[in-house]
Amino acid sequence: MKKIIALALILVLCLSLAACGAKGATLADVKKAGKMTVATSPDFPPFESLEGGKVVGIEVDIMNLIAKDLGIEIEFVQMDFDSVLIGIQAAKYDCAMSGITRDADREKNMLFTDPYYNAAQVIVVKADSAIKGKADLKDKIVSVQTGTTAESGCGDEGIQVQGYTANADAKAALTTGKVDAWVVDNLTAIQMVEEGDGLVILEEKMTEEPYAFAFAFGSEDLVAEINKSLAKLIADGTVEQIFTNYGETYAKP
Ligand code: ARG
């Protein structure tokens, strides 16, 4: 029995060492491969969603232009949001694209490009709810997508959360009355709250937070190259135009 436990411990140690040892792709790596694998959770319109099995959205358009600048192809790999963050830290993919908020906690575990958009977290409630703002969320239950800044942000404020791996399920928890409110990113809330749902987005925002693309440690030179491309696309108005194409107003970080 002791032997089995010892062996199991050695195995766990090896696996964690292997994970720590995994390095992000360099610029030379992706150029040599001619492609970059991009992990994404396409349940987040207008940034990434599925259309006939294909990933489409604002971030897809930006990513494709970056790929053009680098002279490579993009291969999108679909998964739940929490797996995107875990996968990129372990360098399972070259890049992560999921409306990812760049914050100090995450910067300890992964690399980020410069931010390209200034987002916010909003509170969604039923139209007849007594909840009018953040202060009313005490003693209430809020649905969030697992692994998101909605989850960590509400947790930091002592608000009780119920996590769902899929964004649509976090919304459904509110419409079916399992929770009192749903906290989600602003543009996604606007896209997902449809007429007839009986849901409203409150004016008071929970937070403001910038979006960026994430990479594993080791990808420093690749991130630097992508930052150049991103800076150009922001400066010449291309990023703003992409937001306009989706009927959205661009908020520069
Ligand atoms: N911006 C939030 C975060 O980084 C939510 C992102 C959720 N993205 C998604 N594709 N479902 O935590």
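Helix 3 (residues 58-70) and helix 9 (residues 220-235) pack with their axes 10 Å apart, at an angle of about 120°. The crossing of helix 3 past helix 9 is right-handed. Keep in mind that this is a predicted model.

**The ligand site**
- The ligand has 14 residues around it, and the closest are Ser41, Phe44, Ser98, Thr101 and Thr148.
- Sorted by class, that shell has eight polar, three charged and three nonpolar residues.
- Why does the ligand lie between domain 1 and domain 2? Both domain 1 (19-116 + 212-245) and domain 2 (118-209) give residues to the shell, so the ligand sits between them.

- Strand 2 and strand 3 (residues 48-51) run antiparallel and are joined by two bridges.
- Across from phenylalanine 44 you'll find glutamate 48 of strand 3; Phe44 is also one of the closest residues to the ligand.

**The parallel pairings**
- In general, strands of a sheet pair through backbone hydrogen bonds, and the pairing can be parallel or antiparallel.
- Strand 1 (residues 35-40) runs parallel to strand 5 (residues 73-78), and six bridges join them.
- Lysine 35 has glutamate 73 in strand 5 as its bridge partner.
- Strand 1 also runs parallel to strand 6, this time with two bridges between them.
- Which residue of strand 6 stands opposite valine 38? That would be cysteine 95.

- As background, most peptide bonds are trans, and most residues other than glycine have a negative phi.
- The bond from proline 45 to proline 46 is a cis peptide, with omega near 5°.
- Proline 46 belongs to the loop that links strand 2 and strand 3, the two antiparallel strands joined by two bridges.
- Alanine 91 isn't a glycine, yet its phi is positive, at about 60°.
- Look for alanine 91 in the loop between helix 4 (81-89) and strand 6 (95-96); strand 6 is the one that holds cysteine 95 opposite valine 38.

Definitions and conventions:
Residues are numbered from 1 along each chain as its sequence is written. This is a predicted model: local features need pLDDT of at least 70, side-chain atom pairs count only at pLDDT 80 or more; totals for chains, interfaces and linings use all residues. Two strands pair if DSSP finds at least two bridges between them. Helices (H or I, at least four residues) and strands (E, at least two) are DSSP runs, numbered from the N terminus. A residue is near a molecule or strand if its C-beta atom, placed from the backbone, lies within 6 Å of it. Ala, Val, Leu, Ile, Met, Phe, Trp, Tyr, Cys and Pro count as nonpolar, Asp, Glu, Lys and Arg as charged, and the others, Gly among them, as polar. Domain bounds come from an automatic or database domain assignment. Axes are lines fitted to C-alpha atoms, for helices over the stretch in contact, and angles run from 0 to 180 degrees between N-to-C directions. A crossing is left-handed if the near helix is turned anticlockwise from the far one by less than a right angle, and right-handed if clockwise.
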